[in-house]
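This report walks through one protein model, beginning with a single residue and ending with the chain as a whole. Please keep the sequence and the structure in view while reading.

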Amino acid sequence: MGRDIETTQFSREDRVRYREKVKGNLAALRELVDSGRFETGRRLCGVEMEVYITDPLGNAAPINAKLLENLASADFQTELAQFNIEFDIRPRVLTGHVFQTIDNELRHSLNHAHDVAEQLDARVMIIGILPTLTSFDVTEQNLSMNARYKVLNEMILAARGEDILIHIEGRELLKTRANSIVFEAACTSMQLHLQVDPHEFGLYWNAAQVLSAPLLAVAANSPFFLGKQLHHETRIALFEQAADTRTEELTLQGVRPRVWFGEKWLDEGEGLWELFEENVRYFPALLPICDDEDPRQLLDAGEVPRLPELTLHNGTIYRWNRPVYEVFRGQPHMRIENRVLPAGPSVPDSVANSVLYYGLLRGLVSSPRPHLWEQMSFAAARDNFYAAARDGLGARLYWPRVGANVPATELILRHLLPLARAGLLDWGVDDVDVDYYLGIIEERTLSGMTGADWQIATWRRLIDDEGLDRADAAREVVRRYQQRSFASTPVHSWPVGG
């Protein structure tokens with residue numbers, strides 16, 4: 001939901017008008033799909049990276065406005081909290097040396113942000129959740145200075161009608177309440193985009209849902225929050241709870257959450273329509289802002305509408321694999337946005353995670369039928385997802401034709417890496433790049449050292465062997481992490497001690 005807004009007050013009439021405009025947008029989307037107006041045949045991939053800003057001691061530094069001013073680049077944007085920024089990588093065709101190019105661009109952008117941050121006596125880092133965050137950091141005063149965040153915060157709290165309960169049971173127990181959505185900002189991710197043809201959207205979305213669990217298991221990088229050791233990828237539970245507009249009663253009634261894994265596989269041909277229609281049917285508007293665009297008038301004139309109300313509404317529903325509609329150079333296209341992965345630990349790790357994702361997507365979709373999701377329940381895929389978030393590479397997953405209690409490491413090494421390699425070569429990705437980046441995934445899996453595992457092991461050693469208290473150990477974890485992440489070496493090669 002990156003759109004700037006001016007309106008901060010909404011009337012009952014605004015909400016009624018917005019609902020009708022969203023329905024009109026939905027009808028226009030149906031017509032665009034049915035009439036074959038979408039751009040097809042292009043396989044563009046894109047990357048968004050969310051970044052933490054810290055002070056020299058590793059504490060969150062709420063200075064994104066000043067940092068963005070000094071960066072003076074449209075490639076960098078504000079994020080929900082003042083201690084975050086985000087930058088994008090230009091979309092590229094998924095072929096050849098595309099991942100080496102993405103690697104170079106990520107390094108260049110991070111190095112530039114690092115250099116500018118140092119002028120402000122600050123640092124930047126890519127990590128799922130900053131281990132040094134305190135309750136003081138995740139309060140409303142640290143919302144970014146942008147009206148859309150203030151309004152979104154007010155609308156979510158108004159819809160809920162009470163403080164947000166955060167309850168996460170991991171290695172330790174965290175139970176607290178939040179009176180703003182800034183807890184959500186603790187969760188920084190790398191978001192991956194893939195342009196797909198509308199008639200294939202259901203296939204690719206189903207595949208993305210299936211592979212979310214093993215992808216998360218091997219990429220986990222968020223084991224701490226507010227001084228507690230929780231899940232290997234605490235980001236999943238925290239984000240789901242921090243943006244929850246439901247009261248306890250509505251949850252018990254089965255009302256859908258706005259951060260959502262989903263509840264069923266999509267129809268192969270109608271999948272695109274199903275997700276947008278669900279969003280309109282299940283979720284009330286948070287930001288009922290109406291645009292002057294008349295999609296019916298534009299369609300009758302042979303033009304393509306932007307569907308601003310529908311896209312804004314879609315941007316306030318945080319599916320872990322989300323549909324994205326956009327018009328570029330007069331043609332509409334559709335993307336799947338993968339929101340599963342945490343940021344970091346390093347650039348090569350991040351690129352390797354994306355390589356595994358895109359390779360498995362293609363491998364799963366192009367495998368002989370029956371497809372994997374036709375052999376497992378949606379509930380099994382969802383259970384896999386939360387098991388991977390909780391236990392990382394220690395998770396045990398259900399996988400058709402393999403078993404009901406398969407170690408994530410065995411699944412990745414014996415079954416998924418070969419499938420990803422075949423998928424990448426099918427995309428036309430250079431085999432040298434395929435071997436290099438999938439080699440990082442293989443070594444990480446063999447070593448059992450994800451970003452989360454490294455943080456936990458280092459934190460424990462600092463406490464048990466060096467006698468540091470928990471807060472000082474967290475700061476030292478951040479210091480060592482920043483140093484090694486900036487050196488762009490894969491996390492499996494990072495020493496735990498020293």
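Tyr437 is found in helix 15, which covers residues 431-447; helices here are DSSP runs of H or I with at least four residues, strands are runs of E with at least two, and both are numbered from the N terminus. This is a predicted model, in which local features need pLDDT of at least 70 and side-chain atom pairs count only at pLDDT 80 or more, while totals for chains, interfaces and linings use all residues. Residues are numbered from 1 along each chain as its sequence is written, and side-chain values use heavy atoms, with hydrogens and water left out.

Is Tyr437 buried or exposed? Tyr437 is buried, because its relative accessible area is 0%, and the term buried stands for under 20%, exposed for over 50% and partly exposed for values in between, with a 1.4 Å probe and protein chains only. Leaving aside residues up to four places away in sequence, Tyr437 touches Phe99, Gln100, Asp103, Pro348, Val351, Ala352 and Val355, where a contact means heavy atoms within 4.5 Å. The C-alpha atom of Tyr437 is separated by 8.1 Å from that of Leu356, although the two residues are 81 residues apart along the chain.

Ala420 lies in helix 14, residues 408-427, and counts as buried because its relative accessibility is 0%.

The backbone has some points to look at one by one. Most residues other than glycine have a negative phi, and most peptide bonds are trans.

| Cis peptide bond | Omega |
|---|---|
| Gly344 to Pro345 | near 0 degrees |
| Arg369 to Pro370 | near 5 degrees |

Pro345 has its place in the loop between strand 13 (331-338) and helix 12 (347-366), whereas Pro370 is found in the loop between helix 12 and helix 13 (378-391). Asp121, in the loop between helix 3 (98-119) and strand 4 (123-125), has a phi near 60 degrees, a positive value in a residue other than glycine. Ser488 likewise has a positive phi, near 60 degrees; its place is in the segment after helix 17 (470-486), and Ser488 is buried, with a relative accessible area of 16%.

Cys45 is buried at 1% relative accessible area, while Cys290, at 22%, counts as partly exposed. The structure holds zero disulfides, a disulfide being a pair of cysteine sulfur atoms within 2.5 Å.

Turning to the whole chain, the protein has 17 helices and 15 strands. Its radius of gyration is 22 Å, close to the 23 Å that the globule rule gives for 498 residues, so the protein is as compact as a globular protein of that length; the radius is taken over C-alpha atoms, and the rule is 2.2 Å times the number of residues to the power 0.38. Along the principal axes, the C-alpha atoms fill a box of roughly 70 × 50 × 45 Å. Buried residues make up 59% of the 498 residues, and among contacts between residues at least 6 apart in sequence, 75% join residues at least 24 apart.
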